[in-house]
Amino acid sequence: MKLHCCPARTALTTINKNGFPSAQALPNTKPSGEEFMSKLLRRRWTLLSPDTNIHQITVSSKQGQKGGGLFSNFSFLNNNQPHLGNMMLYENQGLYFYIVRDDLLHPFVNGNKARKLDGLLPLIEDHGVTDVVTCGGCQSAHAAAVAVSCAERGLKSHLLLRGEQPQILTGYNLISTIYGNITYVPRTFYAHREEMLQTHASMVAGHTGSVVYCSDIIDSSLASQTFECSKFVQRDAPRGTENHSRKVAIVNEGAKDAVALLGMFRLVDYLSRDHLLGKKRAFNFVVDSGTGTTAVGLGLAAMYLGLPWKITAVMLADTMDTYRQQERRLIAEFKRQFRFLLDSHKLNGDFVFALCNRFGNVLEGEIEACQQVAQQTGIPLDPVYTLAAWEMATRITCAHEDDSNVVILHTGGTLGMFGLAQRYKSYFGMLNTAIKS
């Protein structure tokens with residue numbers, strides 16, 4: 001992966017650069033990796049703690065087993081209290097991989113959605129935002145996460161969902177409807193996302209309000225050029241009353257902004273502690289990738305700390321060129337906004353992109369594979385995203401490709417199963433047949 005610098009994006013909306021100066025910027029000097037991380041992490045977060053659970057999955061091969069299922073030749077066993085830290089070298093035997101259970105972070109806001117919002121929401125609060133506008137598909141986990149997180153903080157969320165309202169509200173669509181303000185947008189209009197978001201945000205703001213992008217909020221913070229913890233004086237200010245103008249923040253679809261990488265830096269810092277994965281062992285992190293933001297965040301954080309980690313991103317939504325373009329954009333934006341100084345030579349192929357063209361589709365046998373994993377390990381997967389990561393981790397583990405331990409980052413998304421059950425009734429109807437042990 002080669003690092004590219006690109007000019008800063010020109011803001012489509014204006015913001016008072018002298019208003020609400022947050023002190024979350026970094027000095028324009030090159031600190032060491034640990035010093036940079038320390039300063040980057042010295043801020044207020046959405047999650048009270050970066051802690052997460054790590055489980056170990058043992059993979060057993062069932063030779064001669066006949067069947068058409070995705071994992072018909074394998075069985076899985078979950079150890080939810082594995083040996084970590086220094087004990088990993090001595091106690092763990094056989095074929096296995098690890099899984100970071102970020103799906104357990106929150107009932108509705110979990111996985112990479114929780115990590116993306118971890119550093120973003122406090123910044124939004126500190127800048128006096130009253131309303132948040134974002135968009136996504138009808139069963140968008142991102143939209144539901146924004147709706148729930150905003151409601152928990154007294155912010156109003158406005159969700160633009162692609163397509164028509166389903167006859168039965170379920171899954172993430174139901175959660176979004178309960179917690180947020182839903183508007184269904186025709187696909188032809190939704191295709192022009194930036195214009196759509198800005199138009200709706202301006203309507204919410206009204207004549208007396210203002211609209212701001214997340215990147216504008218970061219730029220405003222940089223104007224202060226200090227890094228002392230802010231006093232968050234705006235956090236307790238009244239929101240949405242008649243005497244206060246609305247301030248509307250636009251969050252892009254999937255929160256695919258550089259600020260969303262902050263949560264991944266916090267997670268990597270936590271996982272690399274000596275009593276967990278440590279800083280010296282080689283790991284191959286497997287993550288399903290819709291926008292690629294999570295994979296880029298993992299890779300940048302690992303490289304800055306000098307960790308011998310490789311990131312395998314299972315691409316589910318687009319072409320290789322699009323993912324590379326997204327990677328370059330995020331890196332350039334993060335460098336500019338957070339004074340992220342990293343030598344280009346350090347980016348030497350630590351990303352591995354694995355193309356898997358099945359975004360939004362469920363293939364035959366995948367529902368049964370999710371059922372098998374759930375019954376054998378107690379871990380829920382969805383057939384579009386996390387199943388792809390599980391399949392890749394199993395393949396790498398059994399192939400003995402290198403000495404790296406494989407780690408899945410569970411990105412959540414399990415509630416999406418409810419929406420898929422409406423679309424793929426025949427596949428889900430087959431679950432009445434029990435799996436042969």
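This is a predicted model: local features need pLDDT of at least 70, side-chain atom pairs count only at pLDDT 80 or more; totals for chains, interfaces and linings use all residues.
Residues are numbered from 1 along each chain as its sequence is written, and side-chain values use heavy atoms, with hydrogens and water left out.

Next, the aromatic pairs. I found eight of them in the structure, taking rings of Phe, Tyr and Trp (its six-membered ring) as paired if their centres lie within 6.5 Å, with planes under 30 degrees apart counted as stacked, over 60 as edge-to-face and the rest as tilted. The rings of Phe-283 and Trp-309 have planes at 85° and centres 6.2 Å apart, so this pair is edge-to-face. The pair links distant parts of the chain, since Phe-283 belongs to strand E9 (residues 283–289) and Trp-309 to strand E10 (residues 309–315), 26 residues apart; helices (H or I, at least four residues) and strands (E, at least two) are DSSP runs, numbered from the N terminus. Phe-283 is buried at 0% relative accessibility and Trp-309 is buried at 3%, buried meaning under 20% relative accessible area, exposed over 50% and partly exposed in between (1.4 Å probe, protein chains only). I also recorded one aromatic cluster formed by Phe-71, Phe-76, Phe-97 and Trp-390.

I then turned to the nonpolar cores, each a set of buried Ala, Val, Leu, Ile, Met, Phe, Trp, Tyr and Cys residues joined through side-chain atoms within 4.5 Å. The largest has 76 residues, and Ile-124, Leu-271, Phe-285, Trp-309 and Phe-334 are those with the most contacts inside it. A second, separate core of 25 residues includes Ile-57, Ala-389, Ala-393 and Ile-396.

Last, I looked up the sheet: five strands form an open sheet with parallel pairing, in the order E6-E5-E4-E8-E7, two strands being paired if DSSP finds at least two bridges between them. Strand E6 (181–185) and strand E7 (210–213) are the edge strands, each pairing on one side only. Strand E4 (residues 131–136) and strand E8 (residues 247–250) run parallel and are joined by three bridges, and Val-133 stands opposite Ile-250 in E8.
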